[in-house]
Amino acid sequence: MKSYDIVIIGGGPAGLAAAVSAKENGIDSILILERDKELGGILNQCIHNGFGLHTFKEELTGPEYAQRFIDQAEKLGIEYKLNTMVMDISPQKTVTAMNRQEGMFEIQAKAVILAMGCRERSRGALNIPGYRPAGIYSAGTAQRLVNMEGLMPGREVVILGSGDIGLIMARRMTFEGAKVKVVAELMPYSGGLKRNIVQCLDDYGIPLKLSHTVVDIKGRKRLEGVTLAEVDSNGKPIPGTEEFYSCDTLLLSVGLIPENEISNGMGVQMNPVTSGPEVNESLETNIEGVFACGNVLHVHDLVDFVSEEAATAGKNAAAYVKGIRQAGGGRDVRLNPVDGVRYTVPMMVNTARMDENLTIRFRVGGVYKNCYVSTYFDDERVIHRKRQIVAPGEMEEIRLTKEQLLKYPDLETITVKIEEA
């Protein structure tokens with residue numbers, strides 16, 4: 001059995017950034033396992049620009065952003081296997097994988113970094129009534145067909161869900177000559193970035209109907225149309241509000257789910273809100289030496305933050321392998337998301353292990369205007385930041401310092417909440 005210091009599961013933006021960071025922090029024995037035929041992950045099909053503004057201070061397309069990290073990995077001589085599917089990881093960090101050349105094989109790792117990304121929620125998870133005609137795609141599948149395979153799913157399009165991929169595909173299908181009739185969103189707010197609503201819908205006159213969903217699908221062999229209806233505050237369709245739209249394509253952009261079957265199988269503790277692993281300040285899971293980063297941990301809106309988070313995971317995995325992480329001392333302080341804050345990453349902080357600065361990322365559960373993002377150390381408020389608006393479509397962050405935390409030696413809970421102005 002071959003052994004490596006660090007094995008990284010996934011060769012997308014998170015896996016690549018983690019590998020580069022681990023190598024730069026002194027680890028030479030690194031292996032990336034990627035199930036696709038090329039590195040770069042989902043970015044290969046994201047040919048629109050808007051990537052890299054934070055990381056490279058310039059605007060890049062998805063493939064250009066990925067290539068920057070692929071070039072770094074190649075230059076550093078990081079080993080990777082493509083077309084390789086990871087089947088299982090044991091709690092002892094034995095990775096079982098398979099590919100056509102080697103068949104089934106095992107690798108022993110000292111540390112594992114989970115960077116498998118996320119997948120789209122399917123129609124089956126939505127319970128939309130009607131037949132199963134051709135013409136219903138997840139937005140990401142349509143994106144791959146158009147941008148990588150050169151195939152056009154259809155000509156008259158309705159999109160359900162206003163996540164970023166759905167918004168971007170509304171613009172993309174318009175560019176390719178399709179008529180995008182409407183984007184319907186179940187929630188009373190959009191799930192995508194504000195800039196995407198403006199650049200992808202408003203600029204092309206595509207209507208966005210909030211608090212609407214698909215209640216019926218017409219067509220047996222090929223989609224012929226869909227019926228939309230308004231929903232009440234419980235998400236139930238309101239009788240009498242139905243509207244029929246003729247179309248040959250329905251794109252579903254109804255949320256992303258972290259890809260965590262392998263993590264579950266090895267006994268990683270999961271957060272029911274994010275569907276990703278629970279991690280501490282080092283992005284380490286409850287299994288020692290197993291780290292997680294990127295969309296497998298929680299769904300990000302900007303790839304720049306994925307790379308930043310993955311670099312932290314790579315650095316901490318390197319420190320773990322070298323045995324230089326502070327194991328003893330310090331106390332675990334739990335983060336407590338309440339009052340509008342759905343979750344935090346990380347969920348636990350130990351001052352003995354943390355860096356000088358710690359970024360805590362979170363999402364809110366609704367749209368809040370003229371509010372404060374507040375942080376409490378036990379009962380004492382230490383951060384009280386005014387915000388014009390916070391919304392679920394955009395990830396928020398607060399920054400804590402080690403110096404700040406050391407002033408509270410008996411601290412038990414850090415509470416993050418939204419407070420009305």
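The model shown here is a predicted one.

As background, nonpolar side chains tend to be buried together in soluble globular proteins.

Val95 also has a place in a strand pair. Val95 of β7 is the bridge partner of Ile89. The strands concerned are β6 (residues 85-89) and β7 (residues 94-99), which pair in the antiparallel sense over 4 bridges. Together β6 and β7 form a hairpin with 4 residues between them, and Lys93 in the turn has a positive phi of about 70 degrees.

## Two open sheets

Let us look next at a sheet of 3 strands, which is open and runs in the order β14-β15-β16 with antiparallel pairing. Its edge strands, β14 (212-218) and β16 (243-246), each pair on one side only. On average, neighbouring strands of this sheet are turned by 30 degrees against each other, direction ignored. Strand β15, residues 225-230, pairs with β16 in the antiparallel sense over 4 bridges. Within that pairing, Gly225 stands opposite Ser246 of β16.

Another open sheet has 5 strands in the order β22-β20-β27-β24-β25, with mixed pairing. Which strands stand at its edges? They are β22 (348-350) and β25 (380-390); each has a single partner strand, so one side of each is left without a neighbour in the sheet. From one strand to the next, the twist averages 20 degrees. Inside the sheet, β20 and strand β27 (residues 413-420) pair in the parallel sense over 4 bridges.

## Salt bridges

How many salt bridges does the structure hold? The count is 24.

| Pair | N to O distance |
|---|---|
| Arg68 and Glu58 | 3.1 Å |
| Glu278 and Arg334 | 3.7 Å |
| Arg361 and Glu397 | 3.4 Å |

The Arg68 and Glu58 side chains meet at 3.1 Å. This pair links distant parts of the chain, 10 residues apart: Arg68 is in helix α2 (residues 62-75), and Glu58 is in the loop between β3 (49-51) and β4 (60-61). Arg68 is partly exposed at a relative accessible area of 31%, and Glu58 is partly exposed at 36%.

For Glu278 and Arg334, the closest N and O atoms are 3.7 Å apart. Glu278 lies in the loop between α6 (261-265) and β19 (290-292), while Arg334 lies in strand β20 (residues 332-337), so the pair ties together parts that are 56 residues apart in sequence. Is Glu278 buried or exposed? Glu278 is buried, with a relative accessible area of 16%. Arg334, by contrast, is partly exposed at 35% relative accessibility.

Arg361 and Glu397 meet through their side chains at 3.4 Å. Because Arg361 lies in strand β23 (residues 357-364) and Glu397 in strand β26 (residues 396-401), the pair ties together parts that are 36 residues apart in sequence. Arg361 is buried, with a relative accessible area of 4%.

## Cysteines

Finally, the cysteines. The disulfide count comes to 0, taking a pair of sulfur atoms within 2.5 Å as the rule. Cys46 is in no disulfide, and the nearest cysteine sulfur, that of Cys118, is 10 Å away. Cys46 counts as buried at 10% relative accessibility.

Terms used:
Residues are numbered from 1 along each chain as its sequence is written. This is a predicted model: local features need pLDDT of at least 70, side-chain atom pairs count only at pLDDT 80 or more; totals for chains, interfaces and linings use all residues. Side-chain values use heavy atoms; hydrogens and water are left out. Two strands pair if DSSP finds at least two bridges between them. Axes are lines fitted to C-alpha atoms, for helices over the stretch in contact, and angles run from 0 to 180 degrees between N-to-C directions. Buried means under 20% relative accessible area, exposed over 50%, partly exposed in between (1.4 Å probe, protein chains only). A salt bridge is a side-chain nitrogen of Lys or Arg within 4 Å of a carboxyl oxygen of Asp or Glu.
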